[in-house]
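Thanks for making time this morning; I would like to take you through one model, beginning with a pair of helices and then widening the view. Please have the sequence and the structure open while I talk.

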Amino acid sequence: MSVVFVRRWLVAFFIAIGIILIVTLSLRTSYQESYVLEAPTTEFQWINIENLTEFRACRNSIQGALLIVDERGFVCSRKDLSASGCCHSRGESTKRYECTDCQNNNCCSIYEHCVSCCLNPDHKNLLEQILNFGSSVPNVISKSVSDQFELCLVKCRTSSKSVWHENSYKDKTFKHCFGLSGPDFATM
């Protein structure tokens, strides 16, 4: 065999290996991108929170140092939290659908009050609008919540609508919002 013949086979072999490597990497990248873009789909279900009692296990907001909000819309201090995770409905610090620290634009100064106010049945139409808006655009959050409690927990967290230039709040006081729009700029 001639040297030229061996060189041609080696070049062809390395080119084939290179093509296989490029195709493999591009398929892996496109698979990873499609996996990231697909949102988990959870069936949303409205829960009648008026019928929930404190004598069953409750989900609550967990992280509050001073206040907790449960899935029934009650806000309480940690001392009024029962072992089941519910706020005692007759606790001295317990209030239901607490909106006193919220503005007309549905932005509140306290996260737990935002969630409690959001859970008020009077806001069901607004929450339905949020869900309908979320289904018309790619929105991982609206597809990952299963009921109004989870939706309110997510909506009341500060979001990109609450910040300006990604590093300062539009309104440092009323930054927890559950409406369709974020907070207005605070007047100095």
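Predicted model: local features only at pLDDT ≥ 70, side-chain atom pairs only at ≥ 80, totals over all residues.

Residues are numbered from 1 along each chain as its sequence is written, and side-chain values use heavy atoms, with hydrogens and water left out.

Two packed helices are described by the angle between their axes and the distance between the axes. Here the axes of α2 and α5, the latter being residues 148-156, cross at roughly 140° and come within 9 Å, where an axis is a line fitted to C-alpha atoms over the stretch in contact, and angles run from 0 to 180 degrees between N-to-C directions. The contact, meaning heavy atoms within 4.5 Å, involves Y111, C114, V115 and C118 on the α2 side and F149, C152, L153 and C156 on the α5 side. These residues comprise eight nonpolar, no polar and no charged, in a scheme that counts Ala, Val, Leu, Ile, Met, Phe, Trp, Tyr, Cys and Pro as nonpolar, Asp, Glu, Lys and Arg as charged, and the others, Gly among them, as polar.

How enclosed is α2 by the rest of the structure? Helix α2, residues 111-118, is largely enclosed, because eight of its eight residues are buried, which is to say under 20% relative accessible area with a 1.4 Å probe and protein chains only, where over 50% is exposed and anything in between partly exposed.

Leaving aside residues up to four places away in sequence, C99 touches C117 and H123, and C117 is one of the buried residues of α2.

Turning to the whole protein chain, we have five helices and seven strands, assigned as DSSP runs of H or I with at least four residues for helices and of E with at least two for strands, numbered from the N terminus. Of its 188 residues, 35% count as buried.
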